[in-house]
Amino acid sequence: SKRDIKMRKLDSTKVRPLKSEQLLRIEDHDFALRPGFGGSPIPVGIDVQVESIDSISEVDMDFTMTLYLRHYWKDERLSFHSNKNKSMTFDGRLIKKIWVPDVFFVHSKRSFIHDTTVENVMLRVYPDGNVLFSLRITVSAMCFMDFSRFPLDTQNCSLELESYAYNEDDLMLYWKHGNKSLSTDEHISLSQFFIEEFSASSGLAFYSSTGWYNRLFINFALRRHIFFFVLQSYFPAMLMVMLSWVSFWIDRRAVPARVSLGITTVLTMSTIMTGVSASMPQVSYIKAVDVYLWISFLFVFLSVIEYAAVNYLTTIEERKQLKKRGKASGMYSMDSVQAMAFDGCFHDTDVDMDLTGFSDRCEENETRAGAAGGSPVDTPRLKRKRSLKGNVGRIILQNNHVIDMYSRIIFPSVYIVFNFFYWGLYM
């Protein structure tokens, strides 16, 4: 009756299939099952076009990549009659009603399908049942990096694709066009890396619970640009080491100038090392940049120790000279710094000190020491040995300024040799 026909039109629970669904006969098949269920594995071809590598993170040991992922397979249930043999193209609304491969990214941390302005999904069906399924995806995945040669390193990363549910008995995943299945945008570039190569490979992955799975690999090698780290770390370290050598040309009696210069260079090197470590993961092995910075820090530290030795020997030499003059005159006029070195007290002005008692006490202590530990008769060999030691010590004391002169040659020479060895080993 007319009333029944009208009620059927008003029934919202019954929705007529779309024209495309009628043409593909979607309602006639169970697409929860893969094509050819129960038979041989269905081959699914893959090709990838890399749009960009967005970032490489050393701290998180991962990379972010945007790519076009395309799947190719044949599902005879989707075949249709076409007089002109033309394919039909659909958007993402049809994907939920048919079977599609369940490819996922192994070791991925985050991934999403772009959805601006609509979901970036395309489905193209041919009359014979061949299907092209394309997605635009951004994925962040792990990259196991080795920083032993950082920042002179080359990192090899890979993005791995695999079916989640179907093992090799149900689905055969392969590169559609062999080595040409992987293509890249010509304008891909990174701020800190140079992309050396892109390559595609395949293999098998075994899981003890579910068996063997086909796995595809997108491999790429990244060589780090060194110029940034030369400006940021190496060049400042070189300058600090060379600045510490300025101390060798400053008079050894200028204590405040040489000490302040040494402390400043040491603290600056510590700051450079801390800055480099803060931007890197806390690995348990030594990196190439650590070797360079620690050796540079050692050179700066040794320049401070060098002045400590020079200052100590200078003080001993001046004491001996004052001791000799004190024996002759009994009194000696000295400045406040020298006086404080002798009696440990601060003096505002120059003072006259009586060094006779000091020299007598020294001689008395030497006599007692000789009587207590020395042998009654010294052999000629022992005398020559003592004489040699005394001459060497006397030469060092009287010519302690020569230490600075030798340091001006030794420190730069050794540092240049170290740089040649370092860059030759790691480059």
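This is a predicted model: local features need pLDDT of at least 70, side-chain atom pairs count only at pLDDT 80 or more; totals for chains, interfaces and linings use all residues.
Residues are numbered from 1 along each chain as its sequence is written. Local features need pLDDT of at least 70 and side-chain atom pairs count only at pLDDT 80 or more, while totals for chains, interfaces and linings use all residues, and side-chain values use heavy atoms, without hydrogens and water.

Ser 134 sits in strand E7, residues 130–142 (strands, E, have at least two residues and helices, H or I, at least four; both are DSSP runs numbered from the N terminus). Its relative accessibility is 11%, so Ser 134 counts as buried (under 20% relative accessible area, with exposed over 50% and partly exposed in between, for a 1.4 Å probe and protein chains only). Leaving aside residues up to four places away in sequence, Ser 134 touches Leu 69, Arg 70, Asn 120, Val 121 and Met 122 (heavy atoms within 4.5 Å).

An unreviewed UniProt entry annotates "transmembrane region" at several places, among them residues 226–249 and 261–280; such annotations may be inferred rather than shown by experiment. Residues 226–249 are 75% helix and 0% strand, with end C-alpha atoms 34 Å apart. For residues 261–280 the values are 90% helix, 0% strand and 30 Å.

Where is empty space left? Rolling a probe the size of a water molecule over the atoms shows this.
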